[in-house]
Amino acid sequence: MSKFVKELVTRDIKNRLDGVEDAVIVSTVGMDANTTCELRAELRQKEITMLVVKNSLARKATEGTTLSPMFEGAGGSLAVCFGGSDFISLVKEVVRLDKDSEKFGKFVAAGGVMDGEALDPDGLKAVSKWPSREEQISMLVGQILGPGANLSAALLGPGKTLNGQIKKISEEEE
């Protein structure tokens, strides 16, 4: 590859990754074209982009960014996955696809970067067990609404009991 072409490709990678702070790298080496198209379609449904890059060019394109630790020690042709509703959802999807050896046997999660810190495959698996943004919001709403529901039940309980007793007394008098 000529120096000019390498420069163009590096610039293109840099432009596509502009604004991306957290990402996951995967290996798709040996995957046939049909399976790759199927994989990309499945990722697209989750609003995840997969960009196949040459490692050395990606390393050069991400120099000085939060993504640069992701390529340290990585070799060969890789694909960068980014997007999704949040980073944890992205990692959950990548780990799920990595486990699906029947459908995507050659798809392997190789690492990633979160908040400028490099993650190895074991780190990705650990992050995939964290609650996603939606799950965290759901838990927070439950914690906010919980005391109100308990208070409401505490206030209404004795009132209902008293109402029942008054109704019973009034029925007996008739």
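**A close look around S89**

A: Once its neighbours within four places in sequence are set aside, S89 is in contact (heavy atoms within 4.5 Å) with S132 and E134. The model is a predicted one, in which local features need pLDDT of at least 70 and side-chain atom pairs pLDDT 80 or more, whereas totals for chains, interfaces and linings use all residues. Numbering starts from 1 along each chain as its sequence is written, and side-chain values use heavy atoms, leaving out hydrogens and water.

S89 itself belongs to helix α4, helices (H or I, at least four residues) and strands (E, at least two) being DSSP runs numbered from the N terminus. With a relative accessibility of 18%, S89 counts as buried, a class that means under 20% relative accessible area, with exposed over 50% and partly exposed in between (1.4 Å probe, protein chains only). The side chain of S89 also makes a polar contact with the side chain of D86, at 2.8 Å; the term stands for N or O atoms within 3.5 Å, one able to donate a hydrogen and the other to accept it within protein, with sequence-adjacent residues counted only if both atoms are side-chain atoms.

Further along the chain, E93 also lies in helix α4, and with a relative accessibility of 5% it is classed as buried. The side chain of E93 forms a salt bridge (a side-chain nitrogen of Lys or Arg within 4 Å of a carboxyl oxygen of Asp or Glu) with that of K46, the N to O distance being 3.8 Å. K46 sits in the loop between α2 and β2 (48-54), so this pair ties together parts of the chain that are 47 residues apart in sequence.

A second salt bridge of E93 is made with the side chain of R96, at 2.5 Å from N to O. Here both partners belong to helix α4, and because E93 and R96 are three residues apart, they are separated by about one helical turn. The relative accessibility of R96 is 38%, which makes R96 partly exposed.

Seven salt bridges are found when the whole structure is searched. Among them is the one in which the side chains of E38 and K103 meet, with an N to O distance of 3.5 Å. This pair links distant parts of the chain, for E38 is in helix α2 (residues 33-45) while K103 is in the loop between α4 (87-99) and β4 (108-114), and the two are 65 residues apart. E38 is partly exposed at 41% relative accessibility, and K103 is likewise partly exposed, at 38%.

Helix α2 holds L39 as well, and this residue counts as buried, because its relative accessibility is 0%. Not counting residues up to four places away in sequence, L39 touches T28, M31, M50, L97, F104 and F107. A23, by comparison, is 16 residues from L39 along the chain, and the C-alpha atoms of these two residues are separated by 17 Å.

These local details belong to a protein chain with six helices and five strands, whose elements follow one another from the N terminus in the order α-β-α-β-α-β-α-β-β-α-α. Taken along the principal axes, the box filled by the C-alpha atoms of the chain is roughly 100 × 35 × 25 Å. Among the contacts of the protein chain with a separation of 6 or more, 77% are between residues 24 or more positions apart.
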